[in-house]
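Hello,

Here is the structure we talked about passing on. Please open it alongside this note; my findings follow below.

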There are 2 protein chains.
Amino acid sequence: MQAFEPMPHCDYMCAHTDIIERVQAAMPNEEALYTLAELYKVFGDSTRIRILYVLLEAEMCVCDIAQLLGLSQSAISHQLRVLKSAQLVKYRRDGKTVFYSLADAHVRTIISNGMEHVME
Amino acid sequence: MQAFEPMPHCDYMCAHTDIIERVQAAMPNEEALYTLAELYKVFGDSTRIRILYVLLEAEMCVCDIAQLLGLSQSAISHQLRVLKSAQLVKYRRDGKTVFYSLADAHVRTIISNGMEHVME
DNA sequence: AATACATATGAACAGTTGTTCATATGAAAG
DNA sequence: CTTTCATATGAACAACTGTTCATATGTATT
């Protein structure tokens, strides 16, 4: 939160201080909003969305995902790292193979919510 | 959808063709997934998230939003354009002033869903 | 018509992001 | 211990994104 000084290019006959103050009070803190944007940023790439959609159906190893999506193993591995650090996927190791799966139910909810909006 | 030829760096002893085919059949078409990613990309910027949160509370003009968020009128206007073309906000003109508001209820749902995941 | 002002827009620039390529790590099998 | 292979990682590069600055558009007011 910060004091609002007039911006260089605006003289603000239109500024309603009361509304601004009410809205400002209702705003979550900056950090939460930043974190929320970071979360959506992770969903905002079609390769990652495709990976998540694959994992919606079945636990799967890196190679299978790469093959399924027609991308290199490296590309998928890099993206799985992003998904992992956003805590959207988890993994388990079985010998040489690493199986990835969705971290929790939230991921399903978020994706299907977005898809609903897209499909309308 | 595409045939899956082995990738250069993978010999795939691990590839389970049956699972891959099942998942491939369950996948939405590429276009839908791309559109979904595009939608989330719009949410994936903290300035735009903050704008949406402001509009969650009240219809507001460009100048007020700029003042409230401590950003230039130009920056806000550019971002409103992005939000508008993603059909997340709508606007009405009243003289010199343009008031922006949320386009529909989906926006609320999507945001609060994401926030729920962030807050846990 | 001329001015004032809220908003929109185009160009430019820095910062970020996704992929590729080359290489490293880690686990099983010989 | 060496080889094989699935996965991870670092560097590099092109493509994309968000802001700023300068300027244009559109709507009142005089």
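Start at Ile51(A). Setting aside neighbours within four places in sequence, Ile51(A) is in contact with Ile65(A), Ile76(A), Gln79(A), Leu80(A) and Leu83(A). Contact here means that the C-beta atoms of two residues, placed from the backbone, lie within 7 Å.

Before the rest, the ground rules. This is a predicted model, where local features need pLDDT of at least 70, side-chain atom pairs count only at pLDDT 80 or more, and totals for chains, interfaces and linings use all residues. Residues are numbered from 1 along each chain as its sequence is written, while chains are lettered from A and ligands numbered from 1 in the order in which they are written.

**The core**

Ile51(A) also belongs to the largest nonpolar core, which has 54 residues. The residues with the most contacts inside this core are Ile51(A), Ile65(A), Ile51(B) and Ile65(B). A nonpolar core is a set of buried Ala, Val, Leu, Ile, Met, Phe, Trp, Tyr and Cys residues joined through C-beta atoms within 7 Å. Buried means that 20 or more other C-beta atoms lie within 10 Å of the residue's own; exposed means 12 or fewer, and partly exposed lies in between, with C-beta atoms placed from the backbone. Helix 2 (residues 30-43) of chain B gives the largest share of the core, 6 residues.

**The chain**

Chain A has 6 helices and 3 strands. Their order from the N terminus is α-α-α-β-α-α-β-β-α. Helices (H or I, at least four residues) and strands (E, at least two) are DSSP runs, numbered from the N terminus. Of the 120 residues of chain A, 28% count as buried. Among contacts in chain A with a separation of 6 or more, 47% join residues 24 or more positions apart.

**The two copies**

The same surface serves both copies: 100% of the contact residues of chain A recur in chain B.

The contact takes 53 residues from chain A and 53 residues from chain B. On the chain A side, helix 1 (17-26), helix 2 (30-43), helix 3 (46-57), helix 4 (62-69) and helix 6 (105-119) each supply at least two residues. Helix 2 of chain A brings the largest share, 10 residues. That side of chain A divides into 31 nonpolar, 17 polar and 5 charged residues. Ala, Val, Leu, Ile, Met, Phe, Trp, Tyr, Cys and Pro count as nonpolar, Asp, Glu, Lys and Arg as charged, and the others, Gly among them, as polar.

**The sheet**

In chain B, 3 strands form an open antiparallel sheet in the order 1-3-2. Strand 1 (60-61) and strand 2 (89-94) of chain B stand at the edges, each with a single partner strand, so one side of each has no neighbour in the sheet. Two strands pair if DSSP finds at least two bridges between them. Strands 2 and 3 (residues 97-102) of chain B pair over 6 bridges. Lys90(B) stands opposite Ser101(B), and Arg93(B) has Val98(B) as its bridge partner. Strands 2 and 3 of chain B form a hairpin with 2 residues between them, and Gly95(B) in the turn has a positive phi of about 70°.

Best wishes
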